[in-house]
Amino acid sequence: MIQAGCSYDNAPMERFYSTLKNEYFNLRKFKGIESLNTGIYRFVYCHYNRTRLYSHNGGQTPWLFDWQLKFYHLMLQFCLTTTKILSL
């Protein structure tokens with residue numbers, strides 16, 4: 001049994017490829033390598049990261065989760081800066 005966090009554990013990638021195959025490849029035909037590359041890019045960045053919900057993100061999309069994290073850090077930085085200015 002492989003320990004958690006081991007670089008040999010490829011279950012997350014197998015799950016991604018399964019989703020890519022079942023939700024994208026099986027539903028389309030591609031004319032060439034360029035249309036395949038464009039299609040994969042659109043699937044990953046426009047659908048997989050922006051619309052699919054993930055349980056480990058609290059039921060949010062990765063894009064929304066990342067945006068909220070950046071907003072939180074920005075607000076934290078603002079509060080720390082404001083506190084330093086007020087204490088002077």
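The following exercises, each with a worked solution, concern a predicted model of a protein.

Residues are numbered from 1 along each chain as its sequence is written, and side-chain values use heavy atoms, with hydrogens and water left out. In this predicted model, local features need pLDDT of at least 70 and side-chain atom pairs count only at pLDDT 80 or more, while totals for chains, interfaces and linings use all residues.

**Exercise 1.** Determine the secondary structure of the protein and its pattern along the sequence.

*Solution.* Helices (H or I, at least four residues) and strands (E, at least two) are taken as DSSP runs, numbered from the N terminus. The protein has three helices and zero strands. Along the sequence, the pattern reads α-α-α.

**Exercise 2.** Describe how helix α1 and helix α2 are arranged and which residues meet.

*Solution.* Step one concerns the geometry. Two packed helices are described by the angle between their axes and the distance between the axes. An axis is a line fitted to C-alpha atoms, for helices over the stretch in contact, and angles run from 0 to 180 degrees between N-to-C directions. For α1 (residues 11–23) and α2 (residues 33–48), the axes come within 12 Å and cross at roughly 100°. Therefore α1 is roughly perpendicular to α2, a class that covers 65 to 115 degrees (under 35 is roughly parallel, over 145 roughly antiparallel, the rest oblique).

Step two concerns the residues in contact (heavy atoms within 4.5 Å). From α1, Phe 16, Thr 19, Leu 20 and Glu 23 meet Phe 43, Val 44, His 47 and Tyr 48 of α2.

**Exercise 3.** State whether Thr 19 is buried or exposed, and name the residues that Thr 19 touches.

*Solution.* Buried means under 20% relative accessible area, exposed over 50%, and partly exposed in between (1.4 Å probe, protein chains only). Thr 19 lies in helix α1. With a relative accessible area of 10%, Thr 19 is buried. Leaving aside residues up to four places away in sequence, Thr 19 touches Tyr 24, Phe 43, Tyr 48 and Arg 52.

**Exercise 4.** Classify the ring pair of Phe 25 and Phe 30.

*Solution.* Rings of Phe, Tyr and Trp (its six-membered ring) pair if their centres lie within 6.5 Å; planes under 30 degrees apart count as stacked, over 60 as edge-to-face and the rest as tilted. The structure holds seven aromatic pairs. In the pair of Phe 25 and Phe 30, the centres are 5.9 Å apart and the planes stand at 80°, so the pair is edge-to-face. Phe 25 is partly exposed at 28% relative accessible area, and Phe 30 is partly exposed at 29%. Tyr 24, Phe 25, Phe 30 and Phe 43 form one aromatic cluster.
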